[in-house]
Amino acid sequence: DSRDIDSETKTVCPFCGVGCQVSVKIKEGRVKSVEGINGPANEGRLCVKGRFGFDYIHHPHRLTKPLIRRDDAPDKGLNVDPANPFTHFREATWEEALDRAAHGLADLRSYYGGTSVAGFGSAKCTNEEAYLFQKFIRQGFKHNNVDHCTRLCHASSVAALMENVGSGAVTATFNEIENADVAIVIGSNPTENHPVAATFFKQFAKRGGELIIMDPRGTAMKRHATHMLQFRPGTDVALLNAIMNVIVEEKLYDRQYIEGFTEGFFEFRDHIRAFTPERMSELCGIEPEVIRDVARRFAGARAGMIFWGMGISQHIHGTDNSRCLISLALLCGHVGRPGTGLHPLRGQNNVQGASDAGLIPQVMPDYQPVTDVEVRELFKHIWRGTEIQAQPGLTVVEIMDRVYRGEIRGMYILGENPAMSDPDVEHARKALAKLDHLVVQDIFLTETANYADVILPAAAMPEKTGTVTNTNRQVQMMRAALPAPGEAREDWQVIVDLARRIGLDWDYDDPREIFDEMKMSMRSLHHITWKRLEAESAVTYPCSGPDDPGQAVVFGDGFPRRAGRAKFTPARVTPPAEVPDENFPMVLTTGRQLEHWHTGSMTRRASVLDAVEPEANCSLHPSTLRRLGVEPGGMVRLVTRRGALEVMARADRAVAPDMVFLPFAYVEAAANILTNPALDPFGKIPEFKYSAVRVEAV
Ligand code: SF4
């Protein structure tokens with residue numbers, strides 16, 4: 001009833017990469033309710049986070065004033081009194097806090113050089129804020145050591161897509177599944193992590209589409225699947241190469257497509273011959289006849305799609321995993337037509353947009369390499385004479401290593417929480433404690449903010465205006481539904497204030513000015529204007545004209561690579577970085593769960609979500625619990641080479657008997673105390689999905 005609300009604003013859900021459009025209804029300065037509206041991705045639907053997760057913005061823990069670490073505060077660390085979390089900080093004016101923050105970074109630059117300072121930006125920011133953040137580091141400190149959470153997410157997928165397809169974004173929206181006959185969903189649990197996308201997948205299955213799920217964990221989606229391949233963790237390449245072996249040996253591939261649109265097929269064909277289903281079955285645990293059946297169905301489909309998630313990307317062979325998926329689609333000609341495509345499901349609301357905006361160390365906006373002299377010249381022109389460094393920058397985990405070694409002494413962290421999200425997180429926490437100067441900009445006193453010298457209070461997503469880009473390449477207008485509390489400010493305003501204080505001549509007064517500057521270097525934004533987004537709320541890139549809503553499917557007429565051809569890159573089977581042994585006989589895998597998103601800073605402060613999932617938990621197979629003598633709901637101790645923690649155990653038949661699944665949202669049982677920091681050599685992504693672990697009864 002419109003009489004019950006003071007205002008209603010159309011904006012975008014702040015959580016996952018699906019990018020559902022919502023209507024936020026406000027009454028007396030508070031969110032009264034949230035409804036799904038007809039956005040291109042969600043068509044009116046919402047999941048529990050979008051519908052019930054917004055009241056985190058009213059939580060009493062919100063940062064409403066700038067904070068400065070007290071002179072008499074003890075050493076930096078997480079050992080604060082939970083009843084009085086702000087005890088080590090004092091309130092400050094914006095003037096004092098901005099001066100302190102900026103001068104601390106500028107002083108390090110003067111004493112030790114620009115590379116003594118690094119930046120972590122955020123996918124929780126708008127495109128304009130992500131763009132400004134990378135510009136702040138690149139222009140202000142003259143290097144490329146700036147990154148964000150894509151590194152912990154789909155960096156390996158993007159590396160493989162850039163290498164073999166020439167573009168890091170999806171080739172088709174997930175909604176295209178309605179035009180497919182067969183869809184593979186691998187290393188992804190969309191029912192929990194991309195719930196609205198999952199509803200489209202279920203509809204596809206209901207209409208008779210063949211849904212092939214491949215995952216070491218059983219997922220809720222398997223009820224809708226025609227095939228469920230629960231393979232051994234870490235054996236993705238073995239399974240996928242075996243499927244492609246069948247397609248090659250039985251000549252099921254699309255010869256015309258391969259000849260017209262690809263390169264490297266003959267070397268690939270020779271390589272794949274060794275990976276017979278019989279040999280690979282011993283590794284991956286899937287019967288050869290099942291492998292053959294799946295290969296024939298996918299290759300024989302009129303239109304097939306492949307979706308994947310962190311189960312593919314978060315391995316030391318994550319880039320190889322994605323290379324296999326790309327090759328599989330190319331072999332079958334399942335790219336560039338309706339109902340075909342490659343789709344890495346993005347995890348955060350704006351991880352696609354922040355990556356597009358250049359918040360990654362190797363590339364400028366629109367993935368233009370810093371190593372390319374013409375790219376550097378372009379930005380020198382747009383950024384009024386700024387020299388861009390040709391040396392690609394350091395990634396998230398590499399930066400934390402340099403901090404630990406004392407080579408990086410200052411950081412500006414915006415909306416990221418490495419004290420929870422980094423692998424082997426005790427190492428990251430020790431590193432953060434060593435920093436001479438840490439500026440954290442966030443909406444809560446996160447675990448990372450506990451280590452800060454200056455904390456700058458930011459607006460939450462429902463409190464700011466700007467553009468965001470979802471997993472479907474849909475650029476959407478996010479609108480402020482209500483003002484930020486207290487003195488909190490929008491991130492772009494704070495970045496501008498800091499930039500001026502470190503000597504940059506920035507004069508932005510509005511996010512649309514930033515967007516217009518982005519358009520000068522980003523072809524992906526051609527024909528997408530602020531005005532259009534205000535009117536239409538979403539435009540998909542690439543977009544061919546002012547009236548084109550954008551292309552749901554791309555690369556029908558070739559790829560943005562040499563001669564327009566995509567590439568087959570062979571992948572070999574490599575074992576995980578650490579394999580189970582006598583001391584650590586099981587496999588730990590980590591991830592999200594439906595109600596809690598990432599490090600929990602938002603969803604654990606959302607009252608409904610916290611009420612549904614209030615307690616840290618892990619999942620074990622009932623037979624494992626029986627072997628341990630632990631009842632469901634009892635406590636277990638998880639031990640890896642990095643550390644140990646105690647957590648409540650749930651019985652879950654979806655988890656294999658030699659595995660344990662642990663969500664990473666809970667600070668009291670922080671999963672990343674246990675995880676392995678070993679990196680994929682290409683995407684530099686840590687192996688969150690595979691650590692050797694021992695489980696003990698408590
Ligand atoms: Fe928000 Fe993702 Fe849920 Fe949509 S599916 S409501 S974007 S969390």
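A residue is called buried under 20% relative accessible area, exposed over 50%, and partly exposed in between, with a 1.4 Å probe and protein chains only. Asp658 has a relative accessible area of 41%, so Asp658 is partly exposed. Asp658 lies in the loop between β26 (644-651) and β27 (659-663); helices (H or I, at least four residues) and strands (E, at least two) are DSSP runs numbered from the N terminus. Leaving aside neighbours within four places in sequence, Asp658 is in contact (heavy atoms within 4.5 Å) with Met586 and Val587.

This is a predicted model, in which local features need pLDDT of at least 70 and side-chain atom pairs count only at pLDDT 80 or more, while totals for chains, interfaces and linings use all residues. Residues are numbered from 1 along each chain as its sequence is written, and side-chain values use heavy atoms, with hydrogens and water left out.

## Aromatic rings

The structure holds 18 aromatic pairs. Rings of Phe, Tyr and Trp (its six-membered ring) pair if their centres lie within 6.5 Å; planes under 30 degrees apart are stacked, over 60 edge-to-face, and the rest tilted. Phe15 and Trp597 form an edge-to-face pair, 5.6 Å centre to centre with 75 degrees between the planes. This pair links distant parts of the chain, 582 residues apart: Phe15 is in the loop between β1 (7-12) and β2 (21-27), and Trp597 in the loop between β23 (586-591) and α22 (607-612). Both Phe15 and Trp597 are buried.

## The ligand shell

Phe15 is also one of the residues that surround the ligand; others include Cys13, Lys49 and Pro195.

## Salt bridges

A salt bridge is a side-chain nitrogen of Lys or Arg within 4 Å of a carboxyl oxygen of Asp or Glu. By this rule the count is 44. Lys27 pairs with Asp6, their closest N and O atoms being 3.9 Å apart. Lys27 lies in strand β2 and Asp6 in the segment before β1, so this pair ties together parts 21 residues apart in sequence.

Lys25 bridges to Glu8, with closest N and O atoms 3.0 Å apart. Because Lys25 is in strand β2 and Glu8 in strand β1, the pair ties together parts 17 residues apart in sequence. Lys25 counts as buried, at 11% relative accessibility, whereas Lys27 is partly exposed, with a relative accessible area of 29%.

How values were computed. A residue is near a molecule or strand if one of its heavy atoms lies within 4 Å of it.
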